Amino acid sequence: MKICLIGPGMMPIPPVGWGGVEHLIHNYYIELSKRGHEVEIINTKDLNEIIQKANAGNFDAVHLHYDAYASIMPHINCSKKLATSHYPWLENPEPQYTWIYEDFANCGCHVVALSDNIKDAFVERGCDESNVSVLPNGIDPELYHFEEDDPKLYDKSIFLAKIEPRKRQHLIQGKGLGVHFAGVIGIPDFPDSDPDYLGELTKDQIHKNLTDYANMVLLSEAEAHAFVCTEALVAGLGLVITEGCTAHLDTDKPFISVIPEDRLSNDYFVKTTIEENRQTSLSMRPEIRAYGKENFGWDTVMKRYEEILT
């Protein structure tokens, strides 16, 4: 198939550093190309240019990855048009973002939702259920180094995310919980002099060194589907997460610990949960990696995606 992926045009694809959607689009490009598809990325803010290039390309499928551009999709001539919103609060958006549902319902696209709850939200707000599919983010496990036993930082956790209010690093920063923080700083008052702050890691550093930790912490208010959780799993790390980060995860697994919203302010509970999860996760690293590969490896995700495309 000849497939077009449309990005936001806000940063390069692949991005130099932080850029979750851009990394995802680049990964789709790589994996689809491996499977023999002809793939092109259109990544510009110029909506007329997107329309012109998409129509000139004579594509079998066009997949939009930025909800703010949904209005252009009726102008694109293609038999298979798809649209994905990466807005993290899509299950329960603030009033000023409910336009996403209406725009997607009216743009002539098949909606590819990042979680079952997001699919339900689209259906509840008027989308035809048959026109909404669910697809998790995929990952290439072989890119991630894996230490089966004795990781270097066996007594440490990592909080790998852009530092911003939604991610809520501030809830545990500076409390001596043995957590390292990594990510671009998106707020003015985060203390970058904190010895537990590692800066913004490159993808190569993440691929090589994520496995050095016992587990990962992610305390976001909301996530559509947190790619960083799949990264942790294939590197052999357990997860300590909030309720908003649980999409596609089997929370009955002993290496996945969910902190309820009403217990986030309980420092002792949070500390104990992180420490207990570390110990459990250290004893289950091969099982954790196997779980991540089976559920989120590209072989699994691409089979679903190709079914949606056809």
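Which elements do the buried residues of α7 pack against? They pack against β7 (153–160), β8 (179–182), β9 (213–218), β10 (238–242), β11 (256–259) and α8 (285–296), with contact meaning heavy atoms within 4.5 Å.

## Ground rules

This is a predicted model, in which local features need pLDDT of at least 70 and side-chain atom pairs count only at pLDDT 80 or more, while totals for chains, interfaces and linings use all residues. Residues are numbered from 1 along each chain as its sequence is written, and side-chain values use heavy atoms, leaving out hydrogens and water. Helices (H or I, at least four residues) and strands (E, at least two) are DSSP runs, numbered from the N terminus.

## Helix α7, face by face

Helix α7 covers residues 267–282. At 1.5 Å a residue, its 16 residues should span 22 Å (the expected span is 1.5 Å times one less than the number of residues), and the end C-alpha atoms are 23 Å apart, which agrees.

Val270, Thr273, Ile274, Asn277, Arg278 and Ser281 are the buried ones in α7. Looking down the axis, the buried residues fall within an arc of 135 degrees, so they line one face of the helix; the arc is taken from the directions from the helix axis to the C-beta atoms. Over on the other side, Tyr268, Glu276 and Gln279 are exposed. Buried here is under 20% relative accessible area, exposed is over 50%, and partly exposed is in between (1.4 Å probe, protein chains only).

## Two nonpolar cores

A nonpolar core is a set of buried Ala, Val, Leu, Ile, Met, Phe, Trp, Tyr and Cys residues joined through side-chain atoms within 4.5 Å. The largest one has 45 residues, and Phe159, Ile172, Met216, Leu218 and Leu239 have the most contacts inside it. At least two residues each come from β7, β8, β9, α6 (227–234), β10, β11, α7 and α8. The largest share, six residues, is from α6.

Leaving out residues up to four places away in sequence, Leu239 touches a list of residues including Met216, Cys229, Leu233, Phe255 and Asn277. There's also a second, separate core of 32 residues, with Ile76, Ala113, Leu114 and Phe122 among them.

## A helix crossing, and one histidine

Helices α1 (residues 20–34) and α9 (residues 298–309) have axes that come within 11 Å and cross at roughly 85 degrees. That makes α1 roughly perpendicular to α9 (65 to 115 degrees counts as such). At this meeting, Asn27, Tyr28, Glu31 and Leu32 in α1 are in contact with Trp298, Met302 and Tyr305 in α9.

His207 sits in helix α5 (residues 203–209). At 17% relative accessibility, His207 counts as buried. Neighbours within four places in sequence aside, His207 contacts Leu143, Tyr144 and His145.

How values were computed
Axes fitted to C-alpha atoms, helices over the stretch in contact; angles between N-to-C directions. Parallel < 35°, antiparallel > 145°, perpendicular 65-115°, else oblique.
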